[in-house]
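Visitor: Could you take me through one part of this structure closely, starting with the charged side chains and going on from there? I'd like one connected account.

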Amino acid sequence: MSAVERRAALLACPFFEGIAAEALDHLAGACTLRTALAGDTLIREGEEGDSLFVIVEGRVRTEKRTPSGDLWTVRFHEKGGVFGELSLLDRVIRSATIVAEADCTFLVIDRERFQAFGDRHPAAGLAVTRRLAERLASRLRKANEEAVTLFAALVHEVERRL
Amino acid sequence: MEPTPRRFGVRARPPSPYVRWRRLWAELQAENVPRLAGVFFTLLLVGGPVMYLVERSTNNQFKGVGDGLWWSLVTLTTIGYGDTYPITTPGRLLAALLMLVGIGLIGTVTGKIAAALVERRRREGRGLGESRLTGHLVVVGWKADMLELVEGLLGAQPGLTPEGIVLVNQAGESRNEELRRRFPGLGYVHGDTVDPAVLQRARVHEAKRVLVVADETGERSAQETDARTVMTVMNVESLAPEVYTCAEVLDRTFAEHLHIARCDEVVLSREHARALLLSASAATGMTPLVERLLSPAGGLTTVAVPEGFVGRPLGELASHLRREAGVLVIGLIENTGQTLAIKREALRAAQKTEDVAQLLDNLRAVRALVPNRPVLNPPDSYPIPRHALAVVVGASESQP
């Protein structure tokens, strides 16, 4: 895959929208190429992970297990989709399983390479890190809202039984 | 395709021979039979060799230990062939002892075994026995028209035989005996219907379904009768939460209690009768129609939703059944089947979301789930949920 194709793949991602093409060029250079066959499991729920995946070609399925043990499909990611992004910031336990729905091609970057890329190209690194921070902030906001919702529901539940 | 009417096929299974023998063994144990048998064999195995030792020097009938054992068996069982007999004084004393003990032992053991068998038959006749069935239908309570009720049960549920029904009531031996003569094999447990031990004897935990009728024994008010029904259902539900339970109440206020007690189906019999009288008094002319609809031979019934129609609009099923079976779909009954099982399934499905607000909504919906919820005449676009039955009016007998 040529450098141009790689950059094009990143440019096509909504996740990297608004980031300068030059920065994406540097990022694309730090990525490795990975392929998967339909049915391959790329990420397993509960395991530790350190890589971000960009779908260059194909389609993946996100699966989770309910506390009762049932497997269910959360969503699908298509070409241009990004998953596993928070693992670039810190060691994470994967919150879902990702299975390839079709034969797929990914651009993959792990935490170590991402940090090296940031050291070499600070401006580009900052742009991508900001995007990750935005993603993280929105997740945190959602988690906070959910905590409030749960809190209220719990109080309501006890109130009902007073 | 012919839609198959939903039938609550109760197929009771009698207990395995192994279970029967274990029960008899337990009864014999209670009568000390195994210990007496132990004494018998001890005497047999000790007495024989001792007799051989005592007699062998002077009596050539005892040539080995085997002869001694043979003699002690013949003597203890009071058979007394007389092919071998002691001739020495100590030998005769020993023989006298074994003979006297043998008569007592054999008599006691055979007597006790016979008594256990007779007692079991007697208890079953008087409703004091214990049901040994699984997958049966338990009818708790007594009604004046019990005969017609049992007859109706047998008629309405193909595959159900009198052996598959166990009655639990306090109506007494003579009235139940009459029923048992009419329906041979009908099970009967006598006792207070609110007593968990009595319900256990009817093996409600192994039953397929339990029907609790408004009991008419004793001079009780409607409220007392209903309160007892609620208590019975609570006991049944705690003994057998997985068993489908239906109950009859006289007073509507108790219906709510039954739902709280997790009764799967509640019948307000008195209210139905009153509604019919009111309707007749208003000269609506509905009585024959209602009678026709409720008759077991066609009329109002439910059919299982054929595979492939779940999730589809009701209109599609209605025209399918109209075309194929000539029946008219007037609605659905949702959340049918064993309530607890359906709620568990709904609870599992409710967890399949990432959104906490959605999860809470789902969980609330599970809690608000109404078993056997009727949905009458919904729009054709109404999607058929899982666990629903189609309510149909059967094909008319009179052709145009």
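Guide: Let's settle a term before anything else: a salt bridge here is a side-chain nitrogen of Lys or Arg within 4 Å of a carboxyl oxygen of Asp or Glu. By that rule A:Glu101 pairs with A:Arg61, with 2.3 Å between the closest N and O atoms. Keep in mind that this is a predicted model, where local features need pLDDT of at least 70, side-chain atom pairs count only at pLDDT 80 or more, and totals for chains, interfaces and linings use all residues. Residues are numbered from 1 along each chain as its sequence is written, chains are lettered from A and ligands numbered from 1 in the order in which they are written, and side-chain values use heavy atoms, with hydrogens and water left out.

Now for the cross-chain case. A:Arg75 and B:Glu354 meet in a salt bridge, their closest N and O atoms 2.6 Å apart. A:Arg75 sits in strand E6 of chain A and B:Glu354 in the loop between helix H13 (339-350) and helix H14 (356-367) of chain B, so this pair joins two chains. A:Arg75 is partly exposed at 37% relative accessibility, and B:Glu354 is partly exposed at 33%. Within chain A, salt bridges with shared partners link A:Arg59, A:Arg61, A:Glu63, A:Glu78 and A:Glu101 into one network.

A:Arg59 has a ring to look at as well: its charged end sits over A:Phe76, 4.2 Å from the ring centre. The rule there wants NZ of Lys or CZ of Arg within 6 Å of the ring centre and within 35 degrees of the ring normal.

Stepping back to the interface, 17 residues of chain A are in contact with 11 residues of chain B, contact being heavy atoms within 4.5 Å. About 1,200 Å² is buried between the two chains, and carbon and sulfur atoms give 52% of that; buried area is the accessible area (1.4 Å probe) that two parts lose on being put together, summed over both. A:Asp70, A:Trp72 and A:Glu146 supply 35% of what chain A buries against chain B, more than any other three residues. There are 4 salt bridges between chain A and chain B. Strand E6 (71-77) and helix H4 (122-160) of chain A each supply at least two residues of the side touching chain B, and H4(A) gives the most, with 7 residues.

One last stop, among the rings of chain A: A:Phe53 and A:Phe106 form an edge-to-face aromatic pair, 5.5 Å centre to centre with 90 degrees between the planes. Ring centres of Phe, Tyr and Trp (its six-membered ring) must lie within 6.5 Å to pair; planes under 30 degrees apart are stacked, over 60 edge-to-face, and the rest tilted. Both A:Phe53 and A:Phe106 are buried, and together with A:Phe83 they form one aromatic cluster.

Key: Buried < 20%, exposed > 50% of the residue type's maximum accessible area, 1.4 Å probe, protein only. Helix = DSSP H or I, 4+ residues; strand = E, 2+ residues; numbered from the N terminus.
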